[in-house]
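Please look through the sequence and the model shown below before reading on. The report then takes up aromatic rings, charges placed over rings, and a metal site.

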Amino acid sequence: MPGPTSPALPRLIGHRGAMAHAPENTLAGIDMAASLGVTMVEFDAKLTGDNVPVIMHDETVDRTTDGSGAVADMDHADIARLDAGSWFDPRFKGEPVPRLDDMLRRCRARGLAVNIEIKPCEGRTEATAEKVIETALAEWPSDAAPPLISSFRWDALLVAAELAPHWPRGLLIDDRPEDWEDWLGPIAPATLNVGWRKLSDGEMADYRATGLPVLVYTVNEADRARRLFAAGARSLITDAPDRLAPAVAALAD
Ligand code: G3P
Ligand code: MG
């Protein structure tokens, strides 16, 4: 069964908000991204120990908050007390770890389209995908551009395909497995979201041959952005949209 068609994709997508300029995966990061003029943001969703979907990249809270411990071992009440801003800059002191529903509401308030990356803690893929999709379906207005749902865990995308077949899916690729094309049928992705560090010319050609838009992460230099656009990338996921603006200005759309 064919999947949903590609969402309207801007040339730049803010990574974890705009993580060069504000603490990653926070509401302040969303505000920052909006103030920099991006129209779409990516962020990472996982489950707390008591199954609340929150926005955080790592398996532990250690790097991006003033606490310590594994997200999967902590209740939401404990995570809600943490400061996810001071580590980045004291002016973001007190910035909370957002729940997914709060994050989606803030994105709507700022008029931003979203790319929700499902990033499950070890051993929690199915539960995470289910809860993230359930929450997003309840929160995201049906008349808004649908979220792009991506994951390195392609089994999470199978859950997304089942629960929200009408929402576009992005197949995240870092180290490409031999059988990657076998997943295209069951997942029916709308986009291929690939890392530039391991992207060869041959792989780019393969991806473009699928006819799917190719999104490349995480691109922060204008020269690299120019090369990737010239090679056929549709969109770039970036920590610093302001730095890539000159590369986008030269494009037709
Ligand atoms: O979704 C693109 C990018 O966010 C994937 O890598 O590790 O930053 O979540 P990571
Ligand atoms: Mg991510």
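Over the ring of which residue does the charged end of Arg-224 sit? In this predicted model, the ring is that of Trp-196, and the charged end of Arg-224 is 3.5 Å from its centre.

## Charges over rings

## Aromatic pairs

When the whole structure is searched, five aromatic pairs are found. Phe-152 is partly exposed, since its relative accessible area is 35%, but Tyr-217, with a relative accessible area of 16%, is buried.

Trp-154 and Trp-183 also form an edge-to-face pair, and here the centres are 5.4 Å apart and the planes make an angle of 70 degrees. Because Trp-154 lies in helix α5 and Trp-183 in the loop between β6 (169-173) and α6 (184-187), the pair ties together parts that are 29 residues apart in sequence. Trp-154 is buried, with a relative accessible area of 8%, while Trp-183 counts as partly exposed at 25% relative accessibility. Elsewhere, one aromatic cluster is formed by Trp-87, Phe-88 and Phe-92.

## The magnesium site

Which residues coordinate the magnesium ion (ligand 2)? The donors are Glu-42 and Glu-117, each through OE, and Asp-44 through OD, at 2.0 to 2.1 Å. Along the sequence these donor residues follow the spacing E-x1-D-x72-E.

Glu-42 is found in strand β2 (residues 40-47) and Glu-117 in strand β4 (residues 113-118), and this pair links distant parts of the chain, 75 residues apart. Glu-42 is buried, its relative accessible area being 4%, and Glu-117 is likewise buried, with a relative accessible area of 4%.

Conventions
Residues are numbered from 1 along each chain as its sequence is written. Chains are lettered from A and ligands numbered from 1 in the order in which they are written. This is a predicted model: local features need pLDDT of at least 70, side-chain atom pairs count only at pLDDT 80 or more; totals for chains, interfaces and linings use all residues. Side-chain values use heavy atoms; hydrogens and water are left out. Rings of Phe, Tyr and Trp (its six-membered ring) pair if their centres lie within 6.5 Å; planes under 30 degrees apart count as stacked, over 60 as edge-to-face and the rest as tilted. Buried means under 20% relative accessible area, exposed over 50%, partly exposed in between (1.4 Å probe, protein chains only). Helices (H or I, at least four residues) and strands (E, at least two) are DSSP runs, numbered from the N terminus. A charge sits over a ring if NZ of Lys or CZ of Arg is within 6 Å of the ring centre and within 35 degrees of the ring normal. Donors are N, O and S atoms within 2.8 Å of the metal (3.2 Å for Na, K and Ca); water is not among the atoms, so sites may look incomplete.
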